[in-house]
Amino acid sequence: MSKLVYLIPLFPLLGFLINGLGRKSLSKSLIGIIGSGTILASFIVSLLVFFDVKANGVSVITLFNFISIKGLIIPFAFQVDQLSVLFLLIITGVGFLIHLYSTAYMHEEEPQHFGRYFAYLNLFVFSMLLLVLGANYVIMFIGWEGVGLCSYLLIGFWFKNNNYNYAAKKAFVMNRIGDLGFLLAVFWLIFKLGTATYSDVFSQVAQLSSFDITAITALLFIGAMGKSAQIPLYTWLPDAMAGPTPVSALIHAATMVTAGIYMIARSNILYTMAPGTQSLVAMVGLATAIFAATIAIKQNDIKKVLAYSTVSQLGYMFLGLGVGAYTGAVFHVITHAFFKALLFLGAGSVIHAMHHEQDIRKMGGLKKYMPITHITFLLACLAIAGIPPFSGFFSKDEILMAALAKNPIYYYLGLGGALMTAFYMFRLYSLTFLGGFRGTNEQEHHLHESPSAMTIPLIVLAILSVIGGWVGIPELFAKDAHSLEHFLAPIFASSTAIADKHHLETSQEWMYLIGSTALIVVVIIYAINSYKKYQPITEESTGLGVILENKWYVDELYDAVIVNPLNAVAGFFKNFVEKYVIDGAVNGVGRLVGYGSRQLRLLQSGQVGNYLLIMVLAIVVFVLVWFNDITIVYYLNRLFN
Amino acid sequence: MPIQYYIYLCLALFSIGIIGALTRRNVIIVFMCIELMFNAVNLLLVAFSKMHLAAASISDKASTVGSDGQLFVFFIMVVAAAEVSVGLAIIVMLFRNTHSVDINFLNRLKN
């Protein structure tokens with residue numbers, strides 16, 4: 001069955017080609033069927049491959065040699081193991097639901113743009129599948145670049161709005177910065193080990209000096225920073241909200257931002273061997289988790305809140321990777337894929353009902369108009385806040401417990417972030433669904449529940465958000481109930497063998513667990529109470545509030561430190577170097593030839609006397625040169641012989 | 001007679017030819033100056049030919065060294081004769097058309 005794994009990326013690629021080329025002739029319903037159907041087919045094959053891996057174990061399928069030069073062979077091979085099949089299931093499963101949802105969400109688009117949208121979406125899924133399936137870093141890099149490209153295309157999908165184009169460009173440039181780090185790391189690996197294939201790299205890792213391995217992992221981490229939106233390269237993700245809402249769901253849940261987590265989880269042995277980089281990963285992750293959470297508290301755009309929440313949750317995943325809880329990080333990727341896709345699709349449903357109004361201050365009371373969206377959104381909020389027994393509780397708890405075992409400071413800061421998460425999610429929930437409606441009468445008149453193509457994915461994702469965490473029930477509750485850990489154990493085996501183990505007392509663990517849950521519940525009740533009866537106020541916020549509303553002025557800082565100087569340099573090149581040096585040289589050559597020709601034309605006077613004079617002078621010159629040449633050669637010979 | 005005398009004479013003749021060709025405007029005089037230069041060169045060829053033959057004859061009475069120089073003189077004379085006939089024909093045509101033999105009128109060939 002694993003032999004059929006090439007079908008998984010092939011279906012979306014076909015969907016991309018058909019929808020992309022036929023977007024002007026196919027009908028919208030056909031485009032929707034092709035777009036979603038290919039992903040569904042991939043999902044079915046992924047399921048089969050998943051059960052095959054479970055039964056028969058790991059395999060590597062080589063299709064052909066991608067690069068083959070002396071001493072370096074990079075095969076186009078697919079790695080089918082526990083980690084990649086998990087990601088395959090998330091990407092194709094959640095991806096399919098998002099495609100299905102998009103058929104309803106995007107139905108107002110013209111057929112041509114509808115086709116373009118689904119073509120991009122399929123290409124996105126294809127790139128991500130390639131990324132997780134590749135059996136070496138080079139194939140991963142192809143997918144890595146592919147998702148970067150597709151995010152650019154989809155964020156700038158409504159290309160008539162220039163701000164959206166800027167957001168798309170920002171995403172692309174930020175990603176490129178990270179990609180450079182990734183690329184350098186791959187070159188470094190190939191230079192030192194002569195291979196980029198995972199199995200070879202991981203078995204030869206002992207040959208690397210500690211400097212090499214630290215540098216390689218740090219460079220890889222820079223790649224992950226760009227792709228997974230960590231400090232300092234996170235600012236593209238909130239701006240990526242410019243794209244259609246299902247695209248945000250796809251970027252945030254199923255594809256793209258999980259690439260960095262996947263890459264580090266895949267290279268876990270490298271990171272375990274480089275404790276320095278690992279602490280860096282943990283600290284950057286933790287900083288991002290808290291930093292983004294503080295910004296999310298003050299945002300008023302429904303999608304912006306969710307975007308910063310994604311950045312924050314990704315921070316938790318990196319914290320997990322940094323403290324060696326690789327299973328926990330992957331676990332959080334899975335649960336996060338469920339509830340964040342649900343949140344975005346729910347937000348999309350709200351935006352759809354509100355006729356593209358995204359400001360939560362102008363919503364409220366949607367509970368009675370949109371019951372399904374309301375219930376599913378509430379479940380997702382509970383999941384992300386970490387209320388047992390919803391999925392987010394188990395995964396976040398696993399990461400935080402690992403952080404506690406490593407360093408209590410990580411735990412307390414992480415818990416602080418988790419409390420903020422609970423606060424801003426329930427602030428969002430209350431402002432959107434509770435209280436009275438604060439929009440215009442016309443909007444209220446049009447409020448309606450979304451069509452079933454949109455609610456069915458919501459319901460499926462809601463069920464997954466509730467039960468998704470049950471694959472990873474901690475030891476504390478039941479012995480050997482953490483089936484995910486057992487499933488992934490072969491991937492992280494060499495890392496767990498090296499890493500030193502910290503174990504907490506069971507009673508201690510219970511204490512932290514109950515304490516943190518109680519705190520979260522208190523915060524949730526506080527948030528609901530403060531925003532339930534929210535009335536729009538005109539007074540300006542003060543102090544820290546202003547800073548948070550402006551996202552700590554990070555964009556302004558980047559503009560001042562990097563963007564504006566670069567623009568100035570570019571302006572100098574455009575206005576001076578381009579205009580005077582390059583154009584000057586090119587035009588100067590032309591002008592010189594023209595001038596020379598005009599001067600030479602004077603010789604052609606038609607006066608025979610002049611010709612004669614020139615002829616005589618030329619003969620005299622030639623004769624002089626000739627004789628001097630001979631004497632020069634003569635003296636040179638004398639000199640050297 | 002030393003070869004230097006021939007060389008000085010040829011140099012003088014050639015210089016007269018060049019200066020005449022450069023400074024005079026009458027086509028016929030320019031033409032004559034060109035002939036003068038030809039003949040300066042011819043004279044030089046013959047002089048060197050004789051010099052080489054004389055030098056070779058001291059050791060070998062039957063030597064023919066330098067005779068190719070005299071051969072070239074004949075060639076040049078033949079070619080010069082042909083050239084003179086063409087040149088004079090051009091001058092005649094020039095005179096018919098412009099009623100002048102001024103060399104500067106030759107630029108009228110342009111049109």
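In this predicted model, the two chains meet through a contact in which seven residues of chain A touch eight residues of chain B. Sorted by class, the chain A side of this contact holds four nonpolar and three polar residues, and no charged ones.

Chain A itself is divided into three domains: domain 1 covers 281–549, domain 2 covers 564–602 and domain 3 covers 603–641. Taken over C-alpha atoms, the centres of domain 1 and domain 2 of chain A are 58 Å apart.

A pair of helices in chain A can be followed next. The axes of α17(A) and α18(A), the latter made of residues 408–433, come within 6 Å and cross at roughly 150°. An angle over 145 degrees counts as roughly antiparallel, and α17(A) and α18(A) are therefore roughly antiparallel to each other. On the α17(A) side, the contact is made by Lys396(A), Leu400(A), Ala403(A), Leu404(A) and Lys406(A). Facing them from α18(A) are Pro408(A), Tyr410(A), Tyr411(A), Gly414(A), Leu415(A) and Ala418(A). By class, the residues of this contact between α17(A) and α18(A) comprise eight nonpolar, one polar and two charged.

Most peptide bonds are trans, and most residues other than glycine have a negative phi. Ile231(A) and Pro232(A) are joined by a cis peptide bond, with omega about 5°. Pro232(A) sits in the loop that runs between α8 (210–227) and α9 (236–239) of chain A. Pro388(A) and Pro389(A) are likewise linked by a cis peptide bond, with an omega of about 5°.

Phi is the subject of the remaining two cases. Met256(A) is not a glycine, yet its phi is positive, at about 60°. The residue is found in the loop between α10 (245–254) and α11 (258–266) of chain A. Is Met256(A) buried or exposed? Met256(A) counts as buried, because 28 C-beta neighbours lie inside 10 Å, and 20 or more are enough for that class.

His355(A), also a residue other than glycine, has a positive phi near 55°. His355(A) lies in the loop between α15 (326–353) and α16 of chain A. With 12 other C-beta atoms within 10 Å, His355(A) is exposed, since that class takes in residues with 12 or fewer.

Methods
Residues numbered from 1 in each chain as written. Chains lettered and ligands numbered in written order. Predicted model: local features only at pLDDT ≥ 70, side-chain atom pairs only at ≥ 80, totals over all residues. Nonpolar A, V, L, I, M, F, W, Y, C, P; charged D, E, K, R; others polar. Helix = DSSP H or I, 4+ residues; strand = E, 2+ residues; numbered from the N terminus. Domains from an automatic or database assignment. Axes fitted to C-alpha atoms, helices over the stretch in contact; angles between N-to-C directions. Parallel < 35°, antiparallel > 145°, perpendicular 65-115°, else oblique.
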